Amino acid sequence: MDSVSDHPTDSLAQVLAYARTYIESRSDRDVWPRVPLADLRTAMGGPLPERPISPSTVIADLIRAADPGIVTTTGPRYFGFVTGGAVPATVGAEWLTAVWDQCASLFALSPAAVVAEEVAASWLLDVLGLPPSCSAGFVTGCHMANFTALAAARHELLRRAGWNVERDGLAGAPPLRVIVGAEVHVSVIGALRLLGFGSNGVTRVDADGQGRMRAAALEAALAASDAPAIVCAQAGNVNTGAFDPFAEIADLVGTHGGWLHVDGAFGLWAAACGARRHLVAGVSRADSWATDAHKWLNVPYDSGLVFTAHPAAHRAAMSLMAEYLVRSPLEPREPMDWTPESSRRARGFAVYAALKSLGRQGIDDLVARCCRLASRFADRLRAEQSVQILNDVVLNQVLVRVSPPGRDADKATLETLKLVQAERVCWLGGTRWHDTTAMRLSVSNWSTTEDDIDRSADSILRAVRAVSVANV
């Protein structure tokens, strides 16, 4: 390889200068990019260079080509996909993680990465009100967190039935049932598919108008068979923010000797907020939990978390052994025993930084503020005659439907959404809820203010009025 003339830190200085400019611009720049896709492909494409190019040139070219196509997801008026921002300490920690380039699989690879995870895990269990004896794993996101927890559930229920699934596989194994609510998130279904539970083999039980699993429906499903059951409950419906009745569900699952898993990608963080903790009453009685740090903890992507109340089952489901995988004689926590990935980045540093920088009160304030802002959003919008708020705004989710008198509400909602997205003051996505079209707002960013909510509400209302007039 030909040598390049740059000093190794020259490109880092470029990135720092750009980062300062970008971060300072987030409140004013368009939330959605304006560059045509063809222009973005042209700017970033072309043939692979034949010879090396200096790092500073590569970084300058990348900034120039990619910046026009960046979605300002870390900005204060991005309300799509329950996407958090990135609190300042986590950005610095992410840079350090790249500079240190630690593989967080074994103690021998990075004692600091292991300890960061240990400490962060203990803080997380405390903040979320989960048993301190729980195991923890740091994964890419809630999809893999659900996968890991459900693998532990599969192991434990089959172990109780006298079957070692890691050794003997699923062929010939005793039957297991999986029961979920009607509004289960797709990542749970995806995780179950990876574990050998086909979509058609999952029992869905009825949910109420806000998406909460009905305990009576679960009771009937559990009573239908003596086969051990994995029950998947939900903390924070992705559309409405609603919570399943955990105490009732835990009673039922315990009576039938099953495993209760809670998918709490963002809603589990209600446990960290005094004003919202009642929403998760009974959640600590579950057997496993999955959540994201890149949502409400506002850690940069990607960062998922899994916890189980059965460390032996968790470890048995994930742990791998090989002669070259040297374990510390001090018997520390080996991270690869708790995740499906062997080679992985040291995600614990950013989680550690977020928790330490925010502290218990800061996390409480972050969750409470986002919930208050979501309520403000809903209040501003529902004052418009042709706007309907479809959900009870109990958390940070708002479902909006535009229904001008005598007009097609689905069509009006889609037209409104297009106008809002085109104006680029804020960004929100569409969804389907109970066979109707809606716009979905998720307030999850640490930097969002009342002014951001008002500016965004004004943009949405302008679009609503334009669509209503056009439909007359």
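## Sheet and nonpolar cores

In strand 3, Val202 stands opposite Val178. The model is a predicted one. Val205, also in strand 3, is the bridge partner of Gly181. These residues belong to the pairing of strand 2 (residues 177-181) with strand 3 (residues 202-205), which is parallel and runs over four bridges.

The open sheet holds seven strands in the order 1-7-6-5-4-2-3, and its pairing is mixed. Strand 1 (135-139) and strand 3 form the edges, each pairing on one side only. From one strand to the next, the twist averages 20°.

Helix 6 (residues 142-160) packs on this sheet, and its direction makes about 180° with that of strand 5. The strands touched by helix 6 include those in the table.

| Strand | Residues |
|---|---|
| Strand 4 | 229-234 |
| Strand 5 | 259-263 |
| Strand 6 | 288-292 |
| Strand 7 | 304-308 |

Strand 1 is also touched by helix 6.

Nonpolar side chains tend to be buried together in soluble globular proteins. Here the largest nonpolar core has 89 residues, and Trp269 and Leu381 have the most contacts inside it. Helix 12 (residues 348-382) supplies the largest share of this core, 16 residues. Another core, of 33 residues, lies apart from it, and among its members are Val139, Leu150, Ala151 and Ala152.

Which residues is Leu381 in contact with, leaving aside its neighbours within four places in sequence? They are Val387, Ile389, Val400, Leu441, Ala457, Ile460 and Leu461.

Notes:
Residues are numbered from 1 along each chain as its sequence is written. This is a predicted model: local features need pLDDT of at least 70, side-chain atom pairs count only at pLDDT 80 or more; totals for chains, interfaces and linings use all residues. Side-chain values use heavy atoms; hydrogens and water are left out. Two strands pair if DSSP finds at least two bridges between them. Helices (H or I, at least four residues) and strands (E, at least two) are DSSP runs, numbered from the N terminus. A nonpolar core is a set of buried Ala, Val, Leu, Ile, Met, Phe, Trp, Tyr and Cys residues joined through side-chain atoms within 4.5 Å. Buried means under 20% relative accessible area, exposed over 50%, partly exposed in between (1.4 Å probe, protein chains only). Contact means heavy atoms within 4.5 Å. Axes are lines fitted to C-alpha atoms, for helices over the stretch in contact, and angles run from 0 to 180 degrees between N-to-C directions.
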